[in-house]
Amino acid sequence: MKVVCYYPNWPYYRQGDGKYTVEDIEPGLCTHIMYSFVVLDPSTHVMKIHDDWLDVQLGNMRKFTDLKKAHPGVKFMVALGGWTDSRKPGLYSTLLASPTKRAAFVVHAVSFLQQWGFDGLDLDYEYPVDVGGVQSDKPGFTAFVRELREAFDPKGWELTAAVSAAASKVDAGYEVAEVSQLLDALHLMTYDMHGSWETSVDHHATLYGEPGDGLTVDAA
């Protein structure tokens, strides 16, 4: 069984009881913990640290991977993307469409994970094709995953992805059979099925619904 937890770095800036730091993480609750997020450099199209002051100067990222010393059975990974970075028009599409850029990303990713001591990478591009309708995202994402898989296997690293739980986005953006074989795990973002954009109140991740309701955990 996998219990996947995400540690976002920004709760460090909250005031009062809402503040949550690396020291507050309880690794024993999880099998995998994702440091969220690193982002995509718009000039080089490789990973870069999002908050240098917090992640590097204050040592947040190093403190995170140092938790492995006391919890060797837990995987401490890093997540790329997130909603805000993903929605920048053309940013990820440019990477996915270019074999040259993908190759450079993979080389840099290996170096980055080695430098910081991560156990793998979680891809959080939200979502292929959904951003700007770029159709090359779909095969490009598969190729991207395959190339990362080939580079990660000799290192023993895991490769996962957070993906939409909506069938329309999945059908449009992912070659499901292919990426399912290549990834160690797929994380369905069921918390996004209902929300404040709707005109009626519903549970954000309903387990079961009416017949034909595709926006449920069961359907996903």
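# Reading side-chain pairs in a predicted model

User: Is Glu23, with a relative accessible area of 54%, buried or exposed?

Analyst: Glu23 is exposed, because its relative accessible area is 54%, where buried means under 20%, exposed means over 50% and partly exposed covers the range in between, computed with a 1.4 Å probe on protein chains only. The model is predicted, so local features need pLDDT of at least 70 and side-chain atom pairs count only at pLDDT 80 or more, whereas totals for chains, interfaces and linings use all residues. Residues are numbered from 1 along each chain as its sequence is written, and side-chain values use heavy atoms, with hydrogens and water left out.

User: With which residue does Glu23 form a salt bridge, and how far apart are the closest N and O atoms?

Analyst: A salt bridge is counted when a side-chain nitrogen of Lys or Arg lies within 4 Å of a carboxyl oxygen of Asp or Glu. Here the partner of Glu23 is Lys63, with the closest N and O atoms 3.5 Å apart. Because Glu23 lies in the loop between S1 and S2 while Lys63 lies in helix H2, the pair ties together parts that are 40 residues apart in sequence; helices (H or I, at least four residues) and strands (E, at least two) are DSSP runs, numbered from the N terminus. Lys63, at a relative accessible area of 37%, is partly exposed.

User: How many salt bridges does the structure hold?

Analyst: The structure holds 8 salt bridges. One of these joins the side chains of Asp85 and Lys88, at 3.2 Å from N to O; Asp85 counts as buried at 3% relative accessibility, whereas Lys88 is partly exposed, with a relative accessible area of 43%. In another, the side chains of Asp130 and Arg87 meet at 3.1 Å, N to O. Since Asp130 lies in the loop between S5 and H6 and Arg87 in the loop between helix H3 (83-86) and helix H4 (91-97), this pair ties together parts that are 43 residues apart in sequence. Asp130 is partly exposed at a relative accessible area of 32%, and Arg87 is partly exposed at 28%. Salt bridges that share partners also join Arg149, Asp153 and Asp184 into one network.

User: How many aromatic pairs does the count come to?

Analyst: Rings of Phe, Tyr and Trp (its six-membered ring) pair if their centres lie within 6.5 Å, and planes under 30 degrees apart count as stacked, over 60 as edge-to-face and the rest as tilted. By this rule the count comes to 15 aromatic pairs. Tyr35 and Phe64 make an edge-to-face pair, because their ring centres are 5.2 Å apart and their planes stand at 70°. That pair links distant parts of the chain, with Tyr35 in strand S2 (residues 32-40) and Phe64 in helix H2 (residues 60-66), 29 residues apart. Tyr35 counts as buried at 0% relative accessibility, and Phe64 likewise counts as buried at 0%.

User: Which residue forms a tilted aromatic pair with Phe64?

Analyst: Phe118 does, with 6.2 Å from centre to centre and 45° between the planes. Because Phe64 lies in helix H2 and Phe118 in the loop between helix H5 (99-116) and strand S5 (120-124), the pair ties together parts that are 54 residues apart in sequence. Phe118 is buried, with a relative accessible area of 2%. One aromatic cluster is formed by Tyr7, Tyr20, Tyr35, Phe64, Phe76, Phe112 and Phe118.

User: Over the ring of which residue does the charged end of Lys19 sit?

Analyst: A charge sits over a ring if NZ of Lys or CZ of Arg is within 6 Å of the ring centre and within 35 degrees of the ring normal. In this model the charged end of Lys19 sits over the ring of Tyr12, 4.3 Å from its centre.

User: Which residues does a disulfide join?

Analyst: A disulfide is a pair of cysteine sulfur atoms within 2.5 Å, and a search of the whole structure finds 1 disulfide. This bond joins Cys5 to Cys30, with 2.0 Å from S to S. The torsion about the S-S bond is about -95°, so the disulfide is left-handed. As Cys5 lies in strand S1 (residues 4-8) and Cys30 in the loop between S1 and S2, the pair ties together parts that are 25 residues apart in sequence. Cys5 counts as partly exposed at 22% relative accessibility, whereas Cys30 counts as buried at 11%.
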